[in-house]
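I had a sequence and a model open and wanted to know what sits where. These are my notes, in the order I looked things up.

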Amino acid sequence: MSLGFIQLGQCGNQIGHALFDFMIQETQMSSPGAQALLNEIFFFERKNKQIAKSLLIDMEPKVVDRCLKAEYYDKAFSLTKQEGSGNNWAYGFNNHGPANKNAILQIMDSLLEECGYLESLFFISSLAGGTGSGLGSYILELMADRYPEIELFNICVMPHLTGEVILQSLNTVLTIGSIYQHSEGIILLQNDEAQALCNNLLNLKSPSLNDINQVMSTNLASFFWPCLTNQVYSTFHNNLQYVQELLNITNNQYKLLQLNQIPQLPQQSKAFQNDTWSALEKRIQQMVMTGTKEYNINWHKKGQQPFKQLMIARGNDVKKHQFNWNTVQDEHQFNKNEKSITVLHNSSNIVESLNQISDRANQMIQERAYLYQYEKFGVKIQHFQESMGIVEGIINDYEQLIQ
């Protein structure tokens, strides 16, 4: 099994870097079997050095240069320029994309040559910027055409719904409209949820961008961390077959995935953790079915069963509990938690966030607000209308799941 990543833009490179950092730190508390699997899946060896199977791409050098200080990244698999995308999807897609096509394919071919093969590629980016969203959409389309044998997935960060960039709703609609046609599945991470988790559960009243990225990368790692049959080296087998698991909970109509992981605790509180498996399972199932989080679980609402889901349970005595949902089990104490559960789910509760973004984008399109910034880089009103049609179709499909 071999998984690759493409870190795109400031957001994608920061989260990708935090993800690899976390997984390397986690190996210090794991079995030799887990360490060996981690190296096999996410790294390749060159001269007794482990190199991440990841491309680092941004149209400004600052964040990538910071990432490259980590010894597991190779500068040969990076691409930067001196000009950003101005938070404009059209500039990223129509200018930076074609201008850098050959260079991107060259570093991808180099990565594949050293890795031997990749079963899948995960694109990490923001939905709302210019490089991650626009150039990222272009590269996804390029990879789908060039490497049809590789399964392609996206990990996308949704913008703060209160607004960071005035063009974010338009960029998000264009991105979803593009990547939905080429990606097998899209894991959505939400800035607002990560910030609220910092505020309410981690005792961080004014969380930094690094704090928020750390929450999202840790949640991602709770999915990507290998699951061993037993925590000994002789059982060199990963029960978590990432690509097949993702394909099992998505299809051409329903591709949007959300991630929940509990418990979320400050490090100093973990020594006092006394959750039972039954209590954790009940909490996370209610969170998934009601679209709430650990800090505001709605116990008064019956909720909606997800369309499909994958549960991963890790920790002490995990094999002694009978879980209600189909569950991959692992005895590793993830992130120093005695017990923890992760659920990756395909659910209708994503509709509320999509509706807010869609409504704002639709209003701007109708008023032709800021559309001139896209038109000068080749994205006309028809493109917006087509993308809006795709997004509205996605919303309608997920609304059909609501009973």
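I started with M158, which stands opposite Q190 in strand 8. Helices (H or I, at least four residues) and strands (E, at least two) are DSSP runs, numbered from the N terminus. Before going on I noted that this is a predicted model, where local features need pLDDT of at least 70, side-chain atom pairs count only at pLDDT 80 or more, and totals for chains, interfaces and linings use all residues. Residues are numbered from 1 along each chain as its sequence is written, and side-chain values use heavy atoms, with hydrogens and water left out.

Strand 7 and strand 8 pair in the parallel sense, and I get six bridges for them; two strands pair if DSSP finds at least two bridges between them. I then looked at strand 6 (residues 120-126), which pairs with strand 7, also in the parallel sense, over seven bridges. Here F122 stands opposite F153 in strand 7. To get from strand 6 to strand 7 the chain goes through helix 5 (residues 131-146), and this β-α-β crossover is right-handed. For the handedness I used this rule: with the strands pointing away from the viewer, the path from the first strand over the helix to the second runs clockwise.

Why is strand 7 (residues 151-158) described as largely enclosed by the rest of the structure? Because seven of its eight residues are buried. Buried means under 20% relative accessible area, exposed over 50%, partly exposed in between (1.4 Å probe, protein chains only).

**Helix 7**

In helix 7 I found N191, A194, A196, L197 and C198 buried. Their cover includes strand 7, strand 8 and helix 8. Contact means heavy atoms within 4.5 Å.

**Empty space**

Rolling a probe the size of a water molecule over the atoms shows where empty space is left. Grid points are joined across faces, edges and corners, and a volume is the space filled by probe spheres set on the points.

The structure has three cavities of 30 Å³ or more, and the largest cavity holds about 250 Å³ of space. It is lined by 20 residues, with E193, L197, N219, L259 and K293 the closest to its centre. Which element gives the most to this lining of the largest cavity? Strand 9 does, with five residues. At least two residues each come from strand 8 (185-190), helix 7 (191-200), helix 8 (209-224) and strand 9 (256-262). By class I get 11 nonpolar, six polar and three charged residues in the lining of the largest cavity. Ala, Val, Leu, Ile, Met, Phe, Trp, Tyr, Cys and Pro count as nonpolar, Asp, Glu, Lys and Arg as charged, and the others, Gly among them, as polar.

The largest pocket holds about 710 Å³ of space. Of its 31 lining residues, N210, D211, Q214, V215 and T218 lie nearest its centre. Helix 1 (9-26), helix 3 (62-67) and helix 8 are the elements that give two or more residues to this lining, and helix 1 has the largest share, eight residues. The lining of the largest pocket divides into 11 nonpolar, 14 polar and six charged residues.

I262 to P263 is a cis peptide bond, with omega near 0°. P263 is in the loop between strand 9 and helix 10 (277-290).

N48 is not a glycine, yet it has a positive phi of about 60°. I place N48 in the loop between strand 2 (43-46) and strand 3 (49-52), and it counts as exposed at 74% relative accessibility.

Not counting residues up to four places away in sequence, N171 touches N87, N88, W89, L127, A128, G129, S133 and Y374.

S358, in helix 11 (residues 351-366), is buried too, with a relative accessible area of 4%. Beyond its neighbours within four places in sequence, S358 is in contact with M388, V391, E392 and I395.

How values were computed:
1 Å grid on protein atoms, 1.4 Å probe; cavity = no way out; pocket = protein on both sides within 12 Å on 5 of 7 lines; lining within 4 Å.
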